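Subject: Structure handover

Hello,

Here is the structure you asked to look at. Please open it first, then read my notes below.

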Amino acid sequence: MSIFTEFPEMGRTDLRDLKKGIDEAFRMFTRENGESIENFFYPLLKFLAWFERLIVGTPWPLMILILCALVYAGSRSWGLTVGTLLTLLVIGYLGMWEDTMFTIALISVSTMICIVIGIPLGILMSKSDRTQAIITPILDIMQTIPSFVYLIPILMLLGIGKVPGLIAVCIYAIPPVVRLTNLGIRLVDRDVLEAADAFGASPRQKLFTVQIPLALPNIFAGVNQTIMMALAMVVVAALIGVHGLGQEVLKAVNNQYLALGMMNGLAIVAIAIVFDRVSQKYGKRLQKHSEVIHG
Amino acid sequence: MADNSIEIRNLYKIFGANGKKYVEAVEKGMSKDELNAKHGHVLGLKDINISMPQAKIQVIMGLSGSGKSTLIRHINRLIEPTVGEVIYQGEDVCKMSESELLEFRRHKTAMVFQKFALLPHRTVINNTLFGLELQGINKKDSEERARHWLNRVGLDGYEDRYPNELSGGMQQRVGLARALTNDADILLMDEAFSALDPLIRNDMQGILLELQEELHKTIVFITHDLDEALRLGDRIAILRDGAVIQQGTGQEIVLNPADEYISDFVKEVNRGRVILVDTIMESGAAGTSNVSVPSGSRLEAAAKLLSESGETSATVVDDKGAVIGSVSMQSTINAMVTPATH
């Protein structure tokens with residue numbers, strides 16, 4: 001009756017062969033396509049490097065001015081703007097300016113990529129239930145699979161560097177913007193859609209004049225989540241060679257430097273709070289006219 | 001001038017996966033309940049034949065579930081018919097290609113909705129010019145035309161407000177202005193005033209009648225309210241369980257209700273506002289009186305005239321002023337208080 005106490009496993013050699021086979025096949029794939037895939041991502045690398053240089057190279061007073069201006073433009077809140085100013089000054093004073101700028105560059109570029117890919121994908125999903133049924137489980141996997149697991153093939157393909165880090169961040173951070181774009185478009189009031197139909201809107205006109213504008217508050221909630229999740233990946237991205245606050249945190253973990261770890265960790269938190277509040281306030285403003293005022 | 005009448009012929013709508021299969025059964029007399037219980041399909045419309053005259057207001061009346069909203073959506077094909085034809089200017093709307101249908105909806109029809117269906121993220125003016133924007137007309141021209149119609153429905157000064165800042169009545173004025181700005185020959189109004197409170201509804205009916213006097217559009221107006229139907233409708237069709245059970249002028253329906261159901265409906269109607277003096281007058285130049293009412297007046301107007309003047313009878317004159325008959329106080333009051341029975 002050993003079948004009840006011992007699981008009927010696949011044979012040890014078969015299992016080893018299976019794993020070996022998969023590894024070998026992927027290595028083959030890497031050898032054959034590694035270079036072309038790397039070439040494919042080359043423009044991305046150029047762009048990220050350019051963006052990093054731009055942000056790190058800008059004199060700090062000018063950078064603070066630009067960031068505070070952006071915060072005010074997004075939130076229309078003086079409190080938040082002053083808070084951002086103080087946060088940046090403290091970060092700079094504690095010697096984390098450059099790392100913080102690297103991290104902001106990474107977050108900005110990965111968010112841009114997520115938006116550029118995620119919003120059209122979400123729109124596609126909203127158009128057909130079948131597409132939705134296919135994409136939803138993929139998004140589930142992307143969000144739940146431990147990130148180290150997909151680091152392995154990415155590393156095998158692209159090695160250590162900025163681009164694999166960026167890809168890892170995007171895989172983890174893109175699902176919310178896709179999901180909420182899909183949801184937002186599906187939630188658009190059917191009466192309004194019918195009115196658009198009645199006035200002769202083509203599918204394209206309907207998308208751009210009715211569906212996307214009305215889904216915008218939801219889409220924006222997705223962007224907000226995407227930014228937060230990208231920030232959560234900063235340390236993992238540091239593992240494969242992305243500059244920034246994450247690398248200092250790693251250094252602190254490896255050497256048990258409590259203060260270094262805390263300071264860089266808190267800097268990430270501070271950036272997260274600023275990004276979050278600004279994008280939430282902006283999202284709320286978008287929503288203003290859709291609210292029903294009871295009278 | 002092009003003929004703007006709409007002709008609906010043998011229209012059936014059966015909701016469900018395989019509606020066409022059951023048309024024949026319904027033609028042979030299968031009831032709505034039987035169709036639903038046995039085959040899981042819902043009978044929406046059954047053998048609808050209506051000729052909607054051009055430049056008139058055709059009212060479609062029925063209670064909820066009677067299929068009236070389904071019917072109006074066949075005219076601009078927001079709902080595909082199971083079988084049947086909707087003929088406008090010699091063309092069957094139901095057979096138009098996708099692009100022909102878009103053009104038809106953009107240029108020939110405009111619609112007003114029960115729940116307004118304004119775009120909440122756009123200002124009043126940008127809602128009003130929505131139809132013109134879809135047609136590809138430039139911003140400057142369309143704004144000018146939108147302003148004109150906003151002015152006509154009494155919304156001057158509200159151009160830059162958002163819909164959620166307006167009351168229901170004002171929102172529906174925007175809905176009406178949006179439809180009128182489209183400058184289409186056909187105006188489809190789906191319970192357009194049903195969501196408004198009675199005083200405002202009355203106002204809106206007045207605005208619509210006033211506009212129609214100069215615009216002469218072919219208006220299809222859906223309502224569940226008989227008083228509204230009688231006030232607005234040049235012709236009325238009454239729908240029940242997806243079938244037309246009577247159509248005609250308001251007066252015809254009030255005087256000769258086709259069945260029990262309709263006579264129940266018309267019992268409470270203010271008949272003085274529906275019946276024409278022509279219906280009850282004694283023809284010929286007989287009788288002399290110091291007062292006269294024009295042909296086509298309602299009994300209420302005649303009664304008012306008689307009681308104010310103290311006369312017992314009045315002559316009826318045609319639009320050239322010639323006497324064509326007379327009505328007495330007695331017969332007027334009789335006709336106003338005696339409901340027709342089936």
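Start with overall size. Chain B has 342 residues, and a compact globule of that length would have a radius of gyration near 20 Å; chain B has 23 Å, which agrees. That radius is taken over C-alpha atoms, and the globule rule is 2.2 Å times the number of residues to the power 0.38.

Two notes on the source. This is a predicted model, where local features need pLDDT of at least 70, side-chain atom pairs count only at pLDDT 80 or more, and totals for chains, interfaces and linings use all residues. Residues are numbered from 1 along each chain as its sequence is written, while chains are lettered from A and ligands numbered from 1 in the order in which they are written.

**Chain B as a whole**

The C-alpha atoms fill a box of roughly 65 × 55 × 40 Å along the principal axes. Chain B contains 15 helices and 14 strands. These are DSSP runs, numbered from the N terminus (helices: H or I, at least four residues; strands: E, at least two). In chain B, 42% of the residues count as buried. Buried means 20 or more other C-beta atoms within 10 Å of the residue's own, exposed means 12 or fewer, and partly exposed is in between; C-beta atoms are placed from the backbone.

**Two domains in chain B**

The domain assignment gives domain 1 (52-271) and domain 2 (274-337). Such bounds come from an automatic or database assignment. The C-alpha centres of these two domains lie 34 Å apart. Seven residues of domain 1 are in contact with six residues of domain 2. Contact means C-beta atoms, placed from the backbone, within 7 Å. On the domain 1 side, helix α11 (residues 250-255) of chain B gives the largest share, four residues.

**Two loop residues in chain B**

Ala55(B) has a phi near 60°, a positive value in a residue other than glycine. Ala55(B) sits in the loop between β2 (42-52) and β3 (57-61). It has 16 C-beta neighbours inside 10 Å, so it counts as partly exposed.

Phe116(B) also has a positive phi, near 65°. Its loop runs between β6 (109-112) and α5 (124-128). Phe116(B) counts as buried because it has 24 C-beta neighbours inside 10 Å.

**Helix pairs in chain A**

The axes of α10 (residues 203-232) and α13 (residues 258-287) of chain A come within 9 Å and cross at roughly 175°. Axes are lines fitted to C-alpha atoms, for helices over the stretch in contact, and angles run from 0 to 180 degrees between N-to-C directions. The two helices are therefore roughly antiparallel. The cut-offs are under 35 degrees for roughly parallel, over 145 for roughly antiparallel, 65 to 115 for roughly perpendicular, and oblique for the rest. Residues in this contact include Phe220(A) of α10(A) and Phe275(A) of α13(A).

In chain A, α2 (residues 12-57) and α8 (residues 162-186) have axes that come within 9 Å and cross at roughly 95°. That makes α2(A) roughly perpendicular to α8(A). Phe41(A), Leu44(A), Leu45(A), Leu48(A) and Ala49(A) of α2(A) meet Lys162(A), Val163(A) and Leu166(A) of α8(A).

**Where the chains meet**

How many residues of chain A are in contact with chain B? There are 20, and they touch 20 residues of chain B. On the chain A side, α9 (190-198) and α10 each supply at least two residues. α9(A) gives the most, with six residues.

Best wishes

Conventions. Two residues are in contact if their C-beta atoms, placed from the backbone, lie within 7 Å.
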